[in-house]
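Hello,

Here is the structure I promised to pass along. Please open it next to this message, and my notes on it follow below.

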Amino acid sequence: MRSAEVIVVGGGPAGSAAAQRLTQAGIETLVLDKEVFPRLKLCAGWITPEVVRDLELDTNAYPYSFLTFRRLHWHLKGLHLPVANVQHSIRRFEFDAWLLERSGATVVQHTVKDIARDGAGYLIDGSFRCRYLVGAAGTSCPVYRSLFRDALPRARALQTVTLELEFPCAWQDPDCHLWFFEHGLPGYSWYVPKARGWVNVGVGAMAARLKQRGQDIGQHWQHLVSKLEHRFGIRVPTSPTGYSYYLRGPLGTPRVGNAFLTGDAAGLATRDLCEGIGPAIRSGQQAAASIVSGSAYTLGDVTGASLGGGLLSRWIDWAFTRGASPVTR
Ligand SMILES: Cc1cc2nc3c(=O)[nH]c(=O)nc-3n(C[C@H](O)[C@H](O)[C@H](O)COP(=O)(O)OP(=O)(O)OC[C@H]3O[C@@H](n4cnc5c(N)ncnc54)[C@H](O)[C@@H]3O)c2cc1C
């Protein structure tokens, strides 16, 4: 039996952000992840300046791929709108491993299956015991499954489906491109260049609306593949991989007893651009703050809108979800 004051299930951005704040406060923290890091994580790896600030990331000292783009290219209903806007890209394969190591927590490879209450604490798979538990294992998080299914039901209307691929590529265009609603897609596709000769391309949509339209995400992937070839001269080398996650709905109760839910496990990705890295980090840090200080665990300052919640944000949200489950900010 191995014991720690806090066990964090999942070592992605939510888990490492929580672990870092906990170890900084001198709290014994164990991270359990089913993978050995560095591990593959499907994600475009686009991060906002807010993420850089929240992580107190010294971008000059970060030892891996880090690219800043000064403009975003929006493609909307045949219109091309280049917008001056500073954003960044990283490779999740590198970034997540670096963040987890930086957290200073002990990391153990273990696939969590069973979680049982144990007095005020928790017993995991009969092998790990803790007083506080942080669920940070993404969409299929076992902490969600065991303790939060009733407190935080997930709305099918907020489920995304994605296909993406990251591959070495001598790209020419250093900016990020987003194509919204093409060919009836209830979502968008993207081209995100990375430093050191990589690119990430993909397509994401609202699963239920895609199904209603009798469409398949694979068709939209094919549209993207032809566009990349014609627009950028990029030949996509292999088949993509898929993943599904939930956008932010009403916040419900992200804490039950001494268990806290964070990141994708809590369904926190933004409603307009479907970004989840920032909300994962903020929620992990908030969960840690609550454990350290005994304060309430609130997600009030975890943004639900990447574009600030104004008219454009709300219109994209509506176009994606047709008004399903109002977001609480
Ligand atoms: C195709 C795609 C593109 C995206 N692009 C962007 C983007 O550009 N920018 C952005 O901000 N967001 C993006 N997102 C969303 C973003 O990737 C997620 O919101 C973010 O990774 C959530 O972080 P997390 O720490 O909650 O979960 P994760 O990053 O998924 O980490 C969960 C960890 O838990 C581990 N785990 C899972 N199950 C178990 C288990 N049973 N036991 C132990 N460990 C377990 C996993 O191995 C993993 O390491 C994208 C998502 C997809 C699918």
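Before the helices, one convention: axes are lines fitted to C-alpha atoms, for helices over the stretch in contact, and angles run from 0 to 180 degrees between N-to-C directions. Please also keep in mind that this is a predicted model.

With that in hand, look at helix 1 and helix 3, the latter covering residues 92-103. Their axes come within 8 Å and cross at roughly 20 degrees. Angles under 35 degrees count as roughly parallel, and helix 1 and helix 3 are therefore roughly parallel to each other. The crossing of helix 1 past helix 3 is left-handed.

Now to the ligand. There are 36 residues around it, and those that come nearest are Asp 33, Trp 46, Arg 92, Val 112 and Asp 264. Sorted by class, this shell holds 17 nonpolar, 10 polar and 9 charged residues. At least two shell residues come from each of helix 1 (13-24), strand 2 (29-33), strand 10 (160-168) and helix 7 (277-293).

- Asp 33 places a polar side-chain atom 2.6 Å from an oxygen atom of the ligand.
- Lys 34 has a polar backbone atom 3.1 Å from a nitrogen atom of the ligand.
- Ile 277 has a backbone N or O atom 2.9 Å from an oxygen atom of the ligand.

As for cover, the ligand taken alone exposes 990 Å², and the protein buries 95% of that.

Best wishes

Conventions
Residues numbered from 1 in each chain as written. Predicted model: local features only at pLDDT ≥ 70, side-chain atom pairs only at ≥ 80, totals over all residues. Heavy atoms only, no water. Near = heavy atom within 4 Å. Polar contact = N/O pair within 3.5 Å; in protein donor to acceptor, adjacent residues only side chain to side chain. Areas by Shrake-Rupley, 256 points an atom, 1.4 Å probe, with all protein chains shown as cover. Helix = DSSP H or I, 4+ residues; strand = E, 2+ residues; numbered from the N terminus. Nonpolar A, V, L, I, M, F, W, Y, C, P; charged D, E, K, R; others polar. Parallel < 35°, antiparallel > 145°, perpendicular 65-115°, else oblique. Left-handed = near helix turned anticlockwise from the far one by under 90°.
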